[in-house]
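Student: I have a model open and some labels to sort out. Can we go through what stands behind them?

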Amino acid sequence: MTQRKTASAPTAAHARLPAAPKLFVLDTNVLMHDPTSLFRFEEHDLYIPMATLEELDHNKKGVSEVARNARQASRFLDGMVSRWDEAIAAGIALGIHGDKTATGRLYLQTEALNGEIPADLAGAKSDNQVLAVVKRLQELQPQRRVILVTKDLNMRIKARALGLAAEDYFSDKVLEDTDLLYTGSRALPQDFWDRHGGELESWQQSGQTFYRLRGPLCAQLLVNEFVYLEAERPFQAQVREVSGGIAVLATLRDYAGQRHNVWGISARNREQNFALNALMNPQIDFVTLLGQAGTGKTLLTLATGLTQTLEHKTYDEIIVTRVTVPLGEDIGFLPGTEEEKMNPWMGALEDNLDVLNRGDDEAGEWGRAATRDLIRSRIKVKSLNFMRGRTFIRKFLVIDEAQNLTPKQMRTLITRAGPGTKVVCLGNIAQIDTPYLTEGSSGITYVVDRMKGWMHSAHVTLTRGERSRLADYAGEAL
């Protein structure tokens with residue numbers, strides 16, 4: 001996806017003239033968020049102020065994702081500058097890097113540019129230095145649009161207050177509107193069987209009923225999408241194959257009753273039943289669960305992970321990881337081993353383990369203590385900081401709070417999966433705590449959109465809260 005166009009429609013007098021390329025001035029946070037942003041503006045030109053280069057230099061040290069991105073952006077710039085034999089002030093062709101989609105030029109600030117900004121804005125602050133450069137460029141090049149691109153909301157507000165064009169960086173967004181995000185399930189129309197039952201074939205296999213059917217809706221279905229029909233006899237199924245106008249549906253196992261409970265947990269609504277079918281299916285290697293707090297994401301995942309690890313022996317152990325972004329003030333450095341440092345972040349895990357361990361009343365206190373020790377021995381809590389370069393074999397990997405991950409971090413984590421490993425990503429895109437990430441650019445939005453339709457992945461959006469009547473009412477009223 002390329003940066004969104006903002007130019008207004010040309011007037012009739014200039015309709016035959018090609019529009020002048022825009023000049024995008026990049027703020028530091030754009031390069032630290034996505035180093036490849038240098039090549040995402042197609043035919044338009046880029047300008048990098050000296051203040052941006054200074055901030056890149058200040059942020060290049062460390063092992064964080066931001067520091068890595070700052071170093072990568074500096075490498076891109078160094079590679080283009082070192083290969084350019086002509087005057088830098090005349091602009092460097094972005095195509096010299098090898099990306100044919102970028103046909104504009106890159107301009108680095110080579111002289112002092114000081115536009116007039118209000119005296120109240122501190123001139124020593126890098127943000128205000130960038131604003132002054134944009135102001136001056138606008139005065140020097142009135143024939144084309146000069147636009148500041150920044151992830152900083154307050155900086156965009158200040159720019160517009162000064163009469164400068166400013167916009168967010170859009171090229172990292174998977175979707176413009178998260179209402180269009182794939183939900184993983186689809187309601188079938190009431191006349192579905194009338195329109196698709198003409199050439200219906202059905203058969204039984206492994207306790208499931210399969211249907212092969214043709215019709216206008218079949219081409220719109222995605223593999224592993226869950227479909228349902230609300231009627232006197234409710235119908236729930238999963239799409240197994242889609243080929244042209246033909247689709248194969250398979251009925252689901254009903255986890256709503258105690259007969260098929262998973263580690264004592266039963267599905268309380270339709271979406272939870274979809275989630276349990278995806279989590280318990282050994283043919284599905286990648287599952288994403290989205291939903292508000294209290295919809296059961298963590299509980300369902302842990303219940304299925306314990307069942308498949310301790311009872312079915314499908315996986316050797318459960319590995320849980322999450323982004324350590326605090327809700328309030330940071331509590332500082334924590335003593336101990338990697339697991340001990342991660343324990344304060346794993347309160348949700350502990351709460352759900354207590355629920356899962358409370359199910360067997362007949363075992364008594366000693367029995368529950370033994371079960372708790374057995375469970376803890378098979379669950380490992382890992383930090384994201386030490387994931388790079390690892391390979392997990394026959395593991396049930398749970399990535400919690402995945403909405404706070406960037407697409408690059410998400411790709412790094414998912415590619416850790418080795419043979420026999422299942423990856424489950426949990427998140428709520430309404431609770432993003434990472435600066436400069438939005439619902440449209442979050443890592444979990446990215447993977448839901450890119451992995452949909454793959455035969456070994458499934459997604460479910462959980463909509464109904466099942467925590468308690470107090471939590472449900474507070475979520476709506478407050």
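Student: How do you know that the crossing of helix 12 and helix 13 is right-handed?

Tutor: The crossing of helix 12 and helix 13 is right-handed, because the term applies when the near helix is turned clockwise from the far one by less than a right angle, left-handed being anticlockwise. Some ground rules first. This is a predicted model, where local features need pLDDT of at least 70, side-chain atom pairs count only at pLDDT 80 or more, and totals for chains, interfaces and linings use all residues. Residues are numbered from 1 along each chain as its sequence is written, and side-chain values use heavy atoms, with hydrogens and water left out.

Student: At what angle do helix 12 and helix 13 pack?

Tutor: Helix 12 (residues 407-414) and helix 13 (residues 443-451) pack at about 65 degrees, and their axes are 7 Å apart. Pro407, Met410, Arg411 and Ile414 of helix 12 meet Gly443, Ile444, Tyr446 and Val447 of helix 13. Contact means heavy atoms within 4.5 Å. By class, that contact has 6 nonpolar, 1 polar and 1 charged residues.

Student: What makes helix 7 roughly parallel to helix 8?

Tutor: Their angle. Helix 7 (residues 270-279) and helix 8 (residues 297-311) pack at about 30 degrees, with axes 10 Å apart. Angles under 35 degrees count as roughly parallel, over 145 as roughly antiparallel, 65 to 115 as roughly perpendicular and the rest as oblique. Therefore helix 7 is roughly parallel to helix 8.

Student: Which residues make the contact of helix 7 and helix 8?

Tutor: Helix 7 gives Gln272, Ala275, Leu276 and Leu279; helix 8 gives Leu300, Thr301, Thr304 and Gln308. The classes are 4 nonpolar, 4 polar and no charged residues.

Student: Why is Phe41 called buried?

Tutor: Buried means under 20% relative accessible area, exposed over 50%, partly exposed in between (1.4 Å probe, protein chains only). Phe41 has 2%, so Phe41 is buried. Phe41 sits in the loop between helix 1 (28-33) and strand 2 (45-48). Phe41 and Phe24 are 17 residues apart in sequence and 8.4 Å apart in space, C-alpha to C-alpha.

Student: Which residues of helix 5 are buried?

Tutor: In helix 5 (residues 153-161), Met155, Arg156 and Ala159 are buried.

How values were computed. Axes fitted to C-alpha atoms, helices over the stretch in contact; angles between N-to-C directions. Helix = DSSP H or I, 4+ residues; strand = E, 2+ residues; numbered from the N terminus. Nonpolar A, V, L, I, M, F, W, Y, C, P; charged D, E, K, R; others polar.
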